[in-house]
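Let us read a protein structure together, one feature at a time. Have the sequence and the 3D view open.

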Amino acid sequence: MLLKTDNFTKHTHRTDKLISVRSAVNNPFQPGSDVVPAIWAGRTGQLSDWRDVLRPRLVAGLFERGRTVLGEPGLGKSSLVRRIADEAERRGDWVTPQIRLPLGVDPVKRIAAETLKLADKAGLATGREQRVAGLLGRVQSVAASGVSLGLREVDGPEPHAALTELLVEIGRAAIARGNVVLIHLDEIQNIADARALSQVLIALGDAITRKVEVEVPVVGLIDRSLPIAVYLTGLPEFDDATGARKGATFTRRFKTTTLAPIDDDDLRSALQPFVVSGWEVADDNGGVRLVRMEPDAVEAIVEICRGEPFLFQLAGERAWYAGSGDLITREEVLRGWRGAQAEATSHVERILVRLPQRELEFLQAMAKLPSGERVLTRIAAEAGFDKPTDAGPVSQRLDRVRGIIERGKPYSFRHRAVEAFLTSDWPDIG
Ligand SMILES: Nc1ncnc2c1ncn2[C@@H]1O[C@H](COP(=O)(O)OP(=O)(O)OP(=O)(O)O)[C@@H](O)[C@H]1O
Ligand SMILES: [Mg+2]
């Protein structure tokens with residue numbers, strides 16, 4: 001009897017060792033977090049835009065527009081710019097954190113506070129120059145009390161102008177150092193107040209378009225732009241803000257991209273380290289173990305998530321928890337996903353409920369038709385529009401503003417999770 005128990009204990013002890021390979025602590029998948037995920041997929045165009053165009057041009061003193069990155073929830077807007085900002089910081093650039101703009105909060109106040117921190121990084125706070133000290137004081141009072149109470153009663157420039165001037169000083173310091181300043185405003189669709197929005201965009205836009213004189217050896221004095229990169233991220237609704245709200249110069253100063261889902265090949269590449277070399281995790285004995293994934297498991301994750309970065313992380317996270325060994329199997333991916341279906345459903349519903357009724361009806365009508373028959377006349381009739389031309393603006397928005405469909409011949413879905421949700425049992429994979 002005693003011996004048996006002993007054997008039993010030994011046996012479970014061995015199993016315990018196996019269980020400890022994958023845990024909550026070493027799970028590298030991160031659904032729903034804005035921090036740059038450990039397993040990164042694609043977005044090579046946007047990353048290269050920063051590395052090969054935006055940053056080099058700014059360092060060279062050339063003007064480059066700010067970047068506006070829009071997209072439906074969960075497409076990876078915040079993570080993308082955080083990844084760029086992390087990269088910039090590693091190179092010695094001065095970057096702001098993700099400046100989230102919650103609804104109803106004075107954005108100029110938030111930006112003023114972050115600009116003061118940049119000024120600190122640039123060493124301006126310790127400088128002796130009277131003019132800069134005065135500027136810091138002005139921006140400090142904007143940061144403390146916002147636009148409404150700030151400097152309105154005081155003589156001098158408007159609050160946003162003080163912000164611009166301080167950014168210009170930070171830009172000059174960056175020129176001297178040979179680095180770049182990166183400013184990231186997130187959730188910009190939340191700036192509901194027209195005046196606040198135009199102040200923000202003018203403050204930032206005036207700084208990036210400002211030319212300053214610098215002395216270049218042999219050549220002498222030249223005009224150059226400031227090395228300031230501005231990234232704005234948020235939901236496509238931001239595009240609805242009228243030209244007047246954003247200021248007429250907005251489109252000349254900011255270049256907008258709408259994010260699409262991630263290519264399947266990019267998702268495969270992201271999981272390749274699991275297949276080829278194995279993913280390193282710490283074990284209980286201070287050593288390192290490898291977690292691998294069978295190629296069929298990779299395919300299952302790619303198939304399930306439909307190019308959605310959030311669902312990619314979710315599928316990975318659940319597969320990790322679905323087993324304990326050092327090989328993630330296809331069966332574990334499927335089993336894990338079954339437990340995640342409710343979350344996947346609410347993810348897509350979150351996208352659909354935000355759509356105006358007509359846009360939703362258009363998508364539903366499109367989904368009902370066989371893929372070869374998705375042309376405007378058919379979809380418009382199916383969705384109950386009187387004339388096909390009535391559906392024009394709706395389909396245009398779904399394509400150009402939201403990036404959910406592509407108006408080709410025939411029309412197709414770009415947002416593959418929305419398509420799967422409307423046309424099949426997905427996320428139920430049986
Ligand atoms: N390129 C990527 N590769 C892998 N995972 C990603 C990538 N981009 C984002 N993710 C993951 O997708 C999820 C959603 O990303 P993120 O929060 O950046 O999206 P978002 O577009 O900002 O969403 P929201 O509109 O809700 O703010 C996060 O879990 C993040 O880790
Ligand atoms: Mg976000």
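The dialogue below goes from the whole chain to single residues.

Q: What should I know before I start?

A: This is a predicted model, where local features need pLDDT of at least 70, side-chain atom pairs count only at pLDDT 80 or more, and totals for chains, interfaces and linings use all residues. Residues are numbered from 1 along each chain as its sequence is written, chains are lettered from A and ligands numbered from 1 in the order in which they are written, and side-chain values use heavy atoms, with hydrogens and water left out.

Q: How many helices and strands are there in the protein?

A: Helices (H or I, at least four residues) and strands (E, at least two) are DSSP runs, numbered from the N terminus. The protein has 18 helices and 12 strands. Its C-alpha trace spans about 90 × 70 × 45 Å along the principal axes.

Q: What does "buried" mean, and what share of the protein counts as buried?

A: Buried means under 20% relative accessible area, exposed over 50%, and partly exposed in between (1.4 Å probe, protein chains only). Of the 430 residues, 49% count as buried.

Q: How do I read contacts along the sequence?

A: Contact means heavy atoms within 4.5 Å. Take the contacts with a separation of 6 or more: residues 24 or more positions apart account for 73% of them.

Q: How do helix 4 and helix 6 pack?

A: Start with the axes. They are lines fitted to C-alpha atoms, for helices over the stretch in contact, and angles run from 0 to 180 degrees between N-to-C directions. Angles under 35 degrees count as roughly parallel, over 145 as roughly antiparallel, 65 to 115 as roughly perpendicular and the rest as oblique. The axes of helix 4 (residues 107-121) and helix 6 come within 10 Å and cross at roughly 25 degrees. The two helices are therefore roughly parallel. On the helix 4 side, the contact includes V108, I111 and T115. On the helix 6 side are L163, L166, L167 and I170. By class, there are 10 nonpolar residues, one polar and no charged. Here Ala, Val, Leu, Ile, Met, Phe, Trp, Tyr, Cys and Pro count as nonpolar, Asp, Glu, Lys and Arg as charged, and the others, Gly among them, as polar.

Q: At what angle does helix 4 pack with helix 7?

A: Helix 4 and helix 7 (residues 194-209) pack at about 30 degrees, with axes 9 Å apart. That makes them roughly parallel. P107, V108 and I111 of helix 4 meet A196, Q199 and V200 of helix 7.

Q: Are helix 14 and helix 18 roughly parallel or roughly perpendicular?

A: The axes of helix 14 (residues 341-353) and helix 18 (residues 416-423) cross at roughly 100 degrees. The pair is therefore roughly perpendicular. T345, V348, E349, I351 and L352 in helix 14 meet A417, V418, F421 and L422 in helix 18. The contact has seven nonpolar, one polar and one charged residues.

Q: Now a single residue. Is S225 buried or exposed?

A: S225 is in strand 5 (residues 220-225). S225 counts as buried, because its relative accessibility is 1%.

Q: Which polar contact does the S225 side chain make with another side chain?

A: A polar contact is a pair of N or O atoms within 3.5 Å; within protein, one must be able to donate a hydrogen and the other to accept it, and residues adjacent in sequence count only if both atoms are side-chain atoms. The side chain of S225 makes one with the side chain of K211, at 3.3 Å. A polar atom of the S225 side chain also lies 3.4 Å from the backbone nitrogen of F63.

Q: Which backbone angles deserve a second look?

A: Most residues other than glycine have a negative phi, and most peptide bonds are trans. E187 has a positive phi, near 60 degrees. E187 lies in the loop between strand 3 (181-186) and helix 7. R306 has a positive phi too, near 50 degrees. The peptide bond from K409 to P410 is cis, with omega near -5 degrees. The bond from W426 to P427 is also cis, with omega near 10 degrees.
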